[in-house]
Amino acid sequence: MQMLSLRPPPAAAHLCAAASVRRPPQLRSRRPAGPPAASASAEFPTMLPVLNPGANAGTVSDGVQMPPQRRRRRRSVAGIDQDELVDPDALADPDSSFYEINGVRVHHKVCSHDEPDSSSDQSSDAAATAAGRNQIGLPILLLHGFGASVFSWSRVMRPLARIAGAKVLAFDRPAFGLTSRASRAGDDTKPLNPYSMAFSVMATLAFIDYLGTEKAVLVGHSAGCLVAVEAFFEAPERVAALVLVAPAIFAPRKGVQERGLGEQGGQNQKVPDNENSPSGMFARIWGGILGLCKHIAGLVLKMITAIRGVVQSLCLKALVGVLRSPLGAILVRWIMDKFGILGVRNAWYDPSKVTDHVVQGYTKPLRSKGWEMALLEHTISMITDAAKVPVSKRLSEISCPVLVVTGDTDRIVPAWNAERLARAIPRARFEVIKSCGHLPQEERPEEFLSIVERFLGTVFGTPNEQVIQAAV
């Protein structure tokens, strides 16, 4: 018989050969028992086409949706949102007024002695009512300190008006309060830097004219005392008296003048009779050497002085450049955010008595546009004005009546500096308020008003009253 070969057809042979090849088993990861894992698209969004790319801000031009962007963090300084700043006029109170001086809208408030009292501080008003008989008939101008505003005088304005029997005006110096923020002081087209001491003095004298009077009593607090004293030096005939509260003026130390022993010794030296003698020749040679050394030392001293002036000028220009750069704005925001409210609390004898109303009063100007730029320009002006003759060297020239008031626990300007200042001013009176910090007009308004009332009564009272008070 013929053996039949049982071979599959060619196509079937290829299939069998392919089936005979063993493939390695695939490794499958086993999921642990429990809830199913979140899909990868939850953490990394799948790039899906978008039908209407223009309808979504998170898309691109080719219709692919991009991951959503993070929202920009809102800036805040001392609790004030810096992304919603407004013009100073929008923050004005119902009793606020604005007076334009050299293109700057100066915010101010005026209280009259015959206005009805709408304040809640009845204790301060009671002290003023009892002093109605000692009215002097002269207006009073109030000058706030660094970082403050008209708000710092709110508790004593109306009582002072009743004590004086005339109007009391307080205004915000440029860079503070609600006074308009002018453009940079580096603008040469402006005749006067609005952040300079000269502008503050000019504004003070302008408000004396605004009140329609020839003279006024200037009451300054902290750095405002510098403005009051400079205003006296500028126009002494316009200032009736000065009240310096916690004055930020460095008092001079008493220096002891020493006689020039070198000149006296040179005059008392004996000159040898015989110039040709060895001792005479030696004296002449030695004198020539000393004269040459003095001449060289003088030249070196002049060079050092000139170099120091150049270095100081370069350093000043570099500092001004940094302050006017974006870094300066960042720095001033950081300082105000970290130490603004802390500085207000530290100015009080008892920081626990600083209410939310006080904090809001001091932080309100941070809501105005351009406050950081104005504060930087004011700081630059303070640095450049420091090159002038300091006020401390002219204190003996003050001839009007002066009252110096301070708190016994002032941590900003020590009480001993205020006492030394009072001694440097001729015939100045010095008063200390117990358990009080840097803000007597806010922390101890009753004692402050009583001291000011006694001072004004002594200076401007009738002749009979002055004799009685002098006898007491």
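Biologist: Which residues form a nonpolar patch on the surface?

Modeller: L331, W334, I335, F339 and L342 do, with about 500 Å² of accessible area together. Patch residues have over 30% relative accessible area and no salt bridge, nonpolar side chains being joined within 5 Å; a salt bridge is a Lys or Arg side-chain nitrogen within 4 Å of an Asp or Glu carboxyl oxygen. Areas use the Shrake-Rupley method with a 1.4 Å probe. This is a predicted model, with local features needing pLDDT of at least 70 and side-chain atom pairs pLDDT 80 or more, while totals for chains, interfaces and linings use all residues. Residues are numbered from 1 along each chain, and side-chain values use heavy atoms, without hydrogens and water.

Biologist: Why is I335 called partly exposed?

Modeller: Buried means under 20% relative accessible area and exposed over 50%, with partly exposed in between. I335 has 37%, so I335 is partly exposed. I335 is found in helix α9 (residues 326–346); helices are DSSP runs of H or I with at least four residues, and strands are runs of E with at least two.

Biologist: What makes β5 and β7 a pair?

Modeller: Two strands pair if DSSP finds at least two bridges between them. Four bridges join β5 (residues 140–143) to β7 (residues 216–221), so they pair. The two strands run parallel, and L141 has L218 in β7 as its bridge partner.

Biologist: Which strands does helix α14 touch?

Modeller: Helix α14 (residues 445–460) touches β5, β7, β8, β9 (402–407) and β10, contact meaning heavy atoms within 4.5 Å.

Methods:
Axes are lines fitted to C-alpha atoms, for helices over the stretch in contact, and angles run from 0 to 180 degrees between N-to-C directions. Patches are made of residues with over 30% relative accessible area and no salt bridge: like charges are joined within 9 Å, nonpolar side chains (Val, Leu, Ile, Met, Phe, Trp, Tyr) within 5 Å. Buried means under 20% relative accessible area, exposed over 50%, partly exposed in between (1.4 Å probe, protein chains only).
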